[in-house]
Amino acid sequence: MPESNNHNSPSPSTQASRRSSSSSSWPLNFLLFSILVPVAAALLILYQLDSFDPVPLPLHELSHRVTAAPASNAHMLKGSEFIGVGALMAPEDIAYDSKSGLIYTGCADGWVKRVTLNESVADSVVENWVNTGGRPLGLAHGHDGQLLVADTEKGLLSITEDGEVELLTDEAEGVKFKLTDAVDVAKDGMIYFTDASYMYSLKDFFLDLLEGKPHGRFLSYDPTMKETKVLVPDLYFANGVAVSPDQNFVIFCESVMRRCKKYYLQGEKKGNVENFIDNLPGPPDNIRYDGEGHYWIAFPTGITDSWNLTIRYPFIRKWLGIMEKYTARRPHMEKNSGVMAVNLEGEPIAHYFDPGLSAISSGIKIGNYLYCGSIFNPYIIRFDLERHPAHATT
């Protein structure tokens with residue numbers, strides 16, 4: 001008698017189970033299909049119709065090897081203390097008054113605040129000084145006791161020692177400032193500052209970065225003649241400003257292009273622009289001179305693979321722009337934020353950063369400490385350079 005093949009065939013109950021599973025998955029697949037296709041079609045229509053139109057960036061100027069410092073400390077958080085926790089809302093820039101020993105900083109709530117420095121961070125005192133009614137960013141002490149403020153909403157301001165606020169200028173060549181960013185003053189009283197974008201305000205600054213168009217300007221203001229001039233137009237997010245100690249040139253930062261340029265104030269090169277340092281390890285924000293032969297350049301983020309892809313492809317920037325516009329959300333791409341010390345010739349000396357740090361917007365050396373502002377954090381970071389120095393990079 002031939003053997004039965006029943007052991008190779010599924011049982012009636014198994015066949016019924018398979019038919020049931022197949023029949024139940026069909027409506028589910030159909031449901032997913034009926035949802036995903038319209039969503040994908042809607043996203044495609046949104047992409048095509050949205051007016052946000054990123055353009056290619058001059059990538060040939062960003063394709064060189066990243067400039068590295070001969071010494072670094074990649075664990076900056078381990079040596080950091082926090083000043084004014086909760087009393088400082090995003091203290092973007094820091095200006096130090098050596099006569100009074102006070103730090104001045106502009107916060108997101110409109111206040112320019114004064115911080116008394118003490119050996120113990122816990123004993124530091126934060127004082128509300130003047131509210132500009134806008135959003136103060138860059139700060140610089142003038143020669144007559146006034147504080148110069150680049151207010152992103154108001155324009156270039158001057159605040160007297162008594163706290164009186166004066167608008168110096170809010171437009172150039174008939175174009176209003178949208179994002180007055182950083183400021184410094186020369187010994188002759190001439191004020192140099194940046195308008196990061198004449199197209200986007202601070203709340204939309206990420207769209208300016210994504211669009212890839214040069215909306216930034218480097219400018220001067222003559223307080224005697226009350227005259228505003230555009231010195232260098234068409235910059236990719238013009239940012240920090242620092243007058244050289246010899247008064248021969250002004251350095252300004254160009255964030256998207258990861259470089260700092262210098263504008264000559266006198267001599268044969270007067271009015272010319274050259275690179276001071278380029279191929280930086282992140283987009284430079286503020287730059288500060290410490291009076292000891294070094295500039296300190298702050299980076300809100302280091303270079304990441306995701307940011308490199310974003311910079312390279314306009315269609316990725318468009319999708320991120322759409323997310324920013326309609327959901328107010330975007331991927332977190334910031335890490336390795338920190339500060340780099342550079343000598344007077346633009347040569348890197350030391351780099352302090354940390355993978356867990358983001359949004360560092362300014363750094364200034366006072367004594368043995370590095371004080372760092374931030375565009376988001378609710379405190380000032382104090383870092384002990386003597387106890388936690390940078391070491392030679394292998």
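Residues are numbered from 1 along each chain as its sequence is written, and side-chain values use heavy atoms, with hydrogens and water left out. In this predicted model, local features need pLDDT of at least 70 and side-chain atom pairs count only at pLDDT 80 or more, while totals for chains, interfaces and linings use all residues.

**Exercise 1.** Find the order of the strands in the open sheet of four strands.

Solution. Strands are DSSP runs (E, at least two residues), numbered from the N terminus, and two of them pair if DSSP finds at least two bridges between them. The order is 17-18-19-20, with antiparallel pairing. Strand 17 (238–243) and strand 20 (273–277) are the edge strands, since each pairs on one side only. Strand 19 (residues 259–264) joins strand 20 over four antiparallel bridges, and here Y263 stands opposite V273 of strand 20.

**Exercise 2.** Decide whether F315 is buried, partly exposed or exposed.

Solution. Buried means under 20% relative accessible area, exposed means over 50%, and partly exposed lies in between (1.4 Å probe, protein chains only). F315 has 46% relative accessibility and therefore counts as partly exposed.

**Exercise 3.** Count the disulfides and examine C253.

Solution. A disulfide is a pair of cysteine sulfur atoms within 2.5 Å, and by this rule the count comes to zero. For C253, the nearest cysteine sulfur is that of C260, 3.4 Å away, and C253 is in no disulfide. C253 counts as buried because its relative accessibility is 0%, and C372 counts as buried at 1%.
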